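Here are some notes to keep beside you as you look at this structure for the first time. Please have the sequence and the 3D view open, and take the points one by one.

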Amino acid sequence: MRRLAALLASLIICAPLLAQNTPGEGPSMLSVGSAAFIGGLGTAALLSNSDYSSFGIIAGSTSSSTSLDDLKTAAVNQFHIGVVAKLPLPLGLNLQPALMYNVKGTLVDGDIQNARLDATVGYLELPVQVQWGIGLGKLRPFVLAEPFVGYALNTKGEFSISEAKKPASELINRLEYGFGLGAGLEVGNFQLSGRYFWNLGQLVATEGVDLDRINVSIRDAISQRDSFNGFSLSLAFFF
């Protein structure tokens with residue numbers, strides 16, 4: 001039963017990967033999505049047959065934005081879904097790795113040269129959450145710290161300056177990494193958690209931009225390491 005649940009959960013996470021891959025959104029997107037699908041099945045099977053105390057599915061909302069000097073930004077609300085495992089440790093600690101499909105977005109609009117970036121990026125993301133909590137009967141409140149790393153599977157949107165336009169897929173860095181801090185509450189088999197997260201890498205791969213045609217303020221802004229920061233709210237169910 002547990003193995004079947006793992007396979008069904010991996011189907012849930014990988015379905016959006018295949019559905020969102022469209023022609024022209026980067027090289028071999030379908031093959032990347034297929035590889036992620038197979039990898040998700042393998043990971044779920046591995047977790048379900050290991051000595052982890054609990055295995056489950058996780059889903060929720062992701063609200064992200066980008067803070068750039070001299071440019072207006074707005075939060076973009078998206079989603080995440082995936083599989084998760086929980087390993088109890090001594091002293092009230094839990095180690096909780098997950099494999100998820102996490103969609104983050106940004107909307108940047110500037111007065112200088114009419115610069116605009118409107119993009120959503122779907123990452124295959126691996127967060128490793130460390131929790132510390134206190135058991136109160138069936139309740140367990142906890143605080144958490146969560147480093148993560150991810151790889152962009154698909155990118156939609158465009159980057160424009162004056163009359164020039166580029167697909168966002170040509171500019172957004174594929175690799176992401178960062179950390180999150182938050183808190184949550186576990187009730188029986190359910191776990192509700194919220195976290196603020198910070199990406200530490202550059203939003204835009206500046207080598208893909210014709211820097212000679214871009215105002216210095218914009219060039220400096222897109223080079224900042226302050227991208228896709230925000231808040232996520234997750235609900236997990238453990239079998």
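**Notes for a first look**

1. Among contacts in the protein chain with a separation of 6 or more, 69% are between residues 24 or more positions apart. Please keep in mind that this is a predicted model.

2. Next, the overall layout. The protein chain holds 3 helices and 10 strands. Reading from the N terminus, the order is α-α-β-β-β-β-β-β-β-β-β-α-β, so you can follow the elements one after another, with helices and strands taken as DSSP runs numbered from the N terminus.

3. How much of the chain is covered? Of the 239 residues in the protein chain, 44% are buried. The accessible surface amounts to about 11,300 Å², and carbon and sulfur atoms contribute 63% of that surface.

4. Now for the charged pairs: the whole structure contains 5 salt bridges. One of them joins Lys-86 and Glu-186, whose closest N and O atoms lie 2.9 Å apart. Lys-86 sits in strand 3 (residues 76-88) and Glu-186 in strand 8 (residues 175-187), so this pair ties together parts of the chain that are 100 residues apart in sequence.

5. Are the two partners of that pair buried or exposed? Lys-86 is buried because its relative accessible area is 8%, under the 20% limit. Glu-186 is buried too, at 10% relative accessibility.

6. Arg-140 belongs to strand 6 (residues 139-161) and Glu-186 to strand 8, so the pair ties together parts 46 residues apart in sequence. Both Glu-186 and Arg-140 are buried. Through shared partners, the salt bridges join Lys-86, Arg-140 and Glu-186 into one network.

7. Lys-104 and Glu-176 are each buried.

8. While you are on strand 8, have a look at Ala-183, which lies in that strand. Ala-183 is partly exposed, with a relative accessible area of 39%. Beyond its neighbours within four places in sequence, Ala-183 is in contact with Phe-142, Val-143, Leu-144, Ser-193 and Gly-194. The C-alpha atoms of Ala-183 and Tyr-196 are 9.6 Å apart, and the two residues are separated by 13 residues along the chain.

9. The whole structure has 3 cavities of 30 Å³ or more, and the largest cavity has a volume of about 150 Å³. That cavity is lined by 17 residues, and those closest to its centre are Met-100, Glu-125, Pro-127, Glu-146 and Arg-195.

10. Which strand gives the most to the lining of the largest cavity? Strand 4 does, with 5 residues. At least two residues of the lining come from each of strand 3, strand 4, strand 5 (116-133), strand 6, strand 9 (190-199) and strand 10 (227-238). By type, the lining of the largest cavity comprises 7 nonpolar, 6 polar and 4 charged residues.

Conventions
Residues are numbered from 1 along each chain as its sequence is written. This is a predicted model: local features need pLDDT of at least 70, side-chain atom pairs count only at pLDDT 80 or more; totals for chains, interfaces and linings use all residues. Side-chain values use heavy atoms; hydrogens and water are left out. Helices (H or I, at least four residues) and strands (E, at least two) are DSSP runs, numbered from the N terminus. Buried means under 20% relative accessible area, exposed over 50%, partly exposed in between (1.4 Å probe, protein chains only). Contact means heavy atoms within 4.5 Å. Accessible areas come from the Shrake-Rupley method with a 1.4 Å probe; for residues, only the protein chains shown count as cover. A salt bridge is a side-chain nitrogen of Lys or Arg within 4 Å of a carboxyl oxygen of Asp or Glu. On a 1 Å grid over the protein atoms alone, a cavity is a set of points where a 1.4 Å probe fits but cannot get out, and a pocket is an open set with protein on both sides within 12 Å along at least five of seven lines; lining residues have an atom within 4 Å of a point. Grid points are joined across faces, edges and corners, and a volume is the space filled by probe spheres set on the points. Ala, Val, Leu, Ile, Met, Phe, Trp, Tyr, Cys and Pro count as nonpolar, Asp, Glu, Lys and Arg as charged, and the others, Gly among them, as polar.
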